[in-house]
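Subject: Handing over a structure, with notes

Dear colleague,

I am passing this structure on to you, and my notes on what was found in it follow below. Please have the sequence and the 3D view open while you read.

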Amino acid sequence: RALTSAGGREVSVLPATMHQLVDPITRALLLASSVGADPRRLSAALAAMLDARPLPSGRARSRKTLLLAPATGRPIRLHRPGLPFTATETARALALLELARRLDDPCPA
C-alpha cells in the first residue's frame, strides 16, 4: 500500500532468498574469495556473478554471449538469454579474471 500511495504502479511482492538480496559488490567479493580459495571455481564464479550459464565452445557468439580468456585454461563462454552483457558487467568479469591471473602467478617476474 505504501508504494502504491507513493505513486508506484503495478506493485507486487515476491519472496526472496538471502542469496537474492546480496548486493552486486558483496556478491563479487564473495565470488572473488571463492576463486582465491580454489581457482578451479573461476568459470562458475563468473557465471554466478553475471547470472549467466557456461556455453560449450563452438557455439555462435552474440551480444548475449561473453567470451573471456583466462591466463590459464580454456576460454570461458558465458551466455545469458534475454539480456546482453553491459560494459560494467564485462569490466567486473575482466577484474575477476585479473585476480585469478594474479593468484595463479603471485610473484611475477
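Leu83 is exposed, with a relative accessible area of 52%, where buried means under 20% relative accessible area, exposed means over 50%, and partly exposed is in between, using a 1.4 Å probe and protein chains only.

Before going further, please note that this is a predicted model, in which local features need pLDDT of at least 70 and side-chain atom pairs count only at pLDDT 80 or more, while totals for chains, interfaces and linings use all residues. Residues are numbered from 1 along each chain as its sequence is written, and side-chain values use heavy atoms, with hydrogens and water left out.

The chain as a whole

The secondary structure of the chain comes to 4 helices and 3 strands, and from the N terminus on these elements run α-α-α-β-β-β-α. The chain has a radius of gyration of 17 Å, whereas a compact globule of 109 residues would have one near 13 Å; this radius is taken over C-alpha atoms, and the globule rule is 2.2 Å times the number of residues to the power 0.38. Along its principal axes, the C-alpha trace spans about 60 × 30 × 20 Å. Of the 109 residues, 27% count as buried, and the chain exposes about 8,100 Å², of which carbon and sulfur atoms supply 58%; accessible areas come from the Shrake-Rupley method with a 1.4 Å probe, and for residues only the protein chains shown count as cover. Among contacts between residues at least 6 apart in sequence, 48% join residues at least 24 apart, contact meaning heavy atoms within 4.5 Å.

Helix α3 and its surroundings

How do helices α2 and α3 lie relative to each other? The axes of α2 (residues 24–37) and α3 (residues 42–49) come within 9 Å and cross at roughly 175 degrees, and the two helices are therefore roughly antiparallel to each other. Axes are lines fitted to C-alpha atoms, for helices over the stretch in contact, and angles run from 0 to 180 degrees between N-to-C directions; angles under 35 degrees count as roughly parallel, over 145 as roughly antiparallel, 65 to 115 as roughly perpendicular, and the rest as oblique. In this pairing, Arg27, Ala28, Leu31 and Val35 of α2 meet Leu42, Ala45, Ala48 and Met49 of α3. The residues of this contact divide into 7 nonpolar, no polar and 1 charged, where Ala, Val, Leu, Ile, Met, Phe, Trp, Tyr, Cys and Pro count as nonpolar, Asp, Glu, Lys and Arg as charged, and the others, Gly among them, as polar.

Within α3, the residues Leu42, Ala45, Leu46, Ala47 and Met49 are buried, and what covers the buried residues of this helix includes α2, β1 (53–54), β2 (65–68), β3 and α4.

Leu42 is buried, with a relative accessible area of 8%, and, leaving aside its neighbours within four places in sequence, Leu42 is in contact with Val35, Pro70, Ile76, Leu96, Leu97 and Ala100. The C-alpha atoms of Leu42 and Leu97 are separated by 7.8 Å, although these residues are 55 apart along the chain. Leu83, by contrast, is 41 residues from Leu42 in sequence and 22 Å from it in space, C-alpha to C-alpha.

Ala47 counts as buried at 8% relative accessibility, and, not counting residues up to four places away in sequence, Ala47 touches Ala52, Pro54 and Leu78. Ala47 and Leu78 are 31 residues apart in sequence and 6.5 Å apart in space, C-alpha to C-alpha.

Residues in the loops

Asp51, found in the loop between α3 and β1, has a positive phi of about 50 degrees although it is not a glycine. Glu10 lies in the loop between α1 (2–5) and α2, and its phi is near 50 degrees, a positive value in a residue other than glycine; at 81% relative accessibility, Glu10 counts as exposed.

Ala71 has its place in the loop between β2 and β3 and counts as exposed at 57% relative accessibility. Ala71 and Arg102 are 31 residues apart in sequence and 9.4 Å apart in space, C-alpha to C-alpha.
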